[in-house]
Amino acid sequence: MAKFKHGATPGPFIESVLFERGRISDPNHYAFVLPSLKGLMKLDLHPKVTFFVGENGSGKSTLLEAIAIANGLNPEGGSRNMLFETRASHSELYKIVRLRRYHALVPDAWFMRAESLFNVASEIDNLGVGRSYGGKSLHEQSHGEAFMTLVENRFSQGLYFLDEPEAALSPQRQLEFLVLLHQLIEKQSQIVIATHSPIIMSYPEAKIYSFSEAGVRPVAYEETEHYRVTRSFLESPERMLGHLLGKKTKNKAESP
Ligand SMILES: Nc1ncnc2c1ncn2[C@@H]1O[C@H](COP(=O)(O)OP(=O)(O)O)[C@@H](O)[C@H]1O
Ligand SMILES: [Mg+2]
């Protein structure tokens, strides 16, 4: 196995996440009663990429954040060195998380979600290290550009938690993101991503967990609702629009 720059073994880092439910102090806390999470005892992470998919409000961010905090990351996002605080709304789930690790050393770690990019950009400006990002502050780039710049320039070999990275990205940028993801994996990073994007969740060397009332369950790519709904819509937009809008809708391509 390749060695990373400080001589320790690179990723994967986390084998599984255990939930010690006996340590719950407030059983009514929302993260302990969410239908998808309430019976969760153990979650095996893929050594390369793990995806969290599911309806809005199904608990993906709550779980992602808890695992990130358990890894020493700021619940608000950023790298391990970034300790800014603008709110305190994270759940108590991290308190019962125990990590089963392959080994203790993680060279780099980041937790990124759409809301944290602004704070991360400010922190990078404050640290005076913005010049390494193409000489342009992340604040002077669009959300999508700033996110891609960060992944390309700052992520290397480590443990990365990303919440809906597609929020800022055009379909073409999502394809480019897949290439960056692959490069990180080739450097032996381990990545956990909550996403609604059928493009991003197509990454082949991955495990997809679907969050629902039935719990957190592994699911095949083609069986995700995201894949099925998007595919069925694009195969025949007029049929689905007709069904949704209750009338016959002309295919735009056929319009005069
Ligand atoms: N700070 C909070 N306090 C109380 N309930 C919350 C809090 N954050 C999220 N929730 C609830 O937990 C549920 C899951 O939220 P979240 O993990 O953000 O879902 P997802 O990321 O899957 O869309 C939501 O229904 C939300 O209302
Ligand atoms: Mg979310």
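A residue is called buried here if 20 or more other C-beta atoms lie within 10 Å of its own, exposed if 12 or fewer do, and partly exposed in between, with C-beta atoms placed from the backbone. Helices (H or I, at least four residues) and strands (E, at least two) are DSSP runs, numbered from the N terminus.

This is a predicted model, in which local features need pLDDT of at least 70 and side-chain atom pairs count only at pLDDT 80 or more, while totals for chains, interfaces and linings use all residues. Residues are numbered from 1 along each chain as its sequence is written, and chains are lettered from A and ligands numbered from 1 in the order in which they are written.

**The sheet**

Let's begin with strand β3, residues 49-54, where six of its six residues are buried. Val49, Phe51 and Val53 point one way from β3, and Thr50, Phe52 and Gly54 point the other way.

Two strands pair if DSSP finds at least two bridges between them. Seven strands form an open sheet with mixed pairing, in the order β4-β6-β7-β8-β3-β9-β10. Its edge strands, each pairing on one side only, are β4 (78-79) and β10 (215-218).

| Strands | Direction | Bridges | Facing residues |
|---|---|---|---|
| β3 and β8 (190-194) | parallel | four | Thr50 and Val192 |
| β3 and β9 (206-212) | parallel | six | Phe52 and Tyr209 |
| β6 (109-113) and β7 (159-163) | parallel | five | Phe111 and Phe161 |

**Around ligand 1**

Which residues are around ligand 1? They are Tyr30, Leu34, Gly54, Asn56, Gly57, Ser58, Gly59, Lys60, Ser61, Thr62 and Ser89; to be near the ligand, a residue must have its C-beta atom, placed from the backbone, within 6 Å of it. Gly54 is also one of the buried residues of β3. Helix α2 (residues 60-70) gives the largest share of this shell, three residues.

By class, the shell has two nonpolar, eight polar and one charged residues. Ala, Val, Leu, Ile, Met, Phe, Trp, Tyr, Cys and Pro count as nonpolar, Asp, Glu, Lys and Arg as charged, and the others, Gly among them, as polar.

**Backbone details to look for**

In the segment before β1 (14-19) you will find Pro12, which a cis peptide bond with omega of about 10° joins to Gly11.

Glu164 lies in the loop between β7 and α5 (171-186), and Gln188 in the loop between α5 and β8. Why does Glu164 count as buried? Because Glu164 has 20 C-beta neighbours inside 10 Å. Gln188 has 19 other C-beta atoms within 10 Å, so Gln188 is partly exposed.
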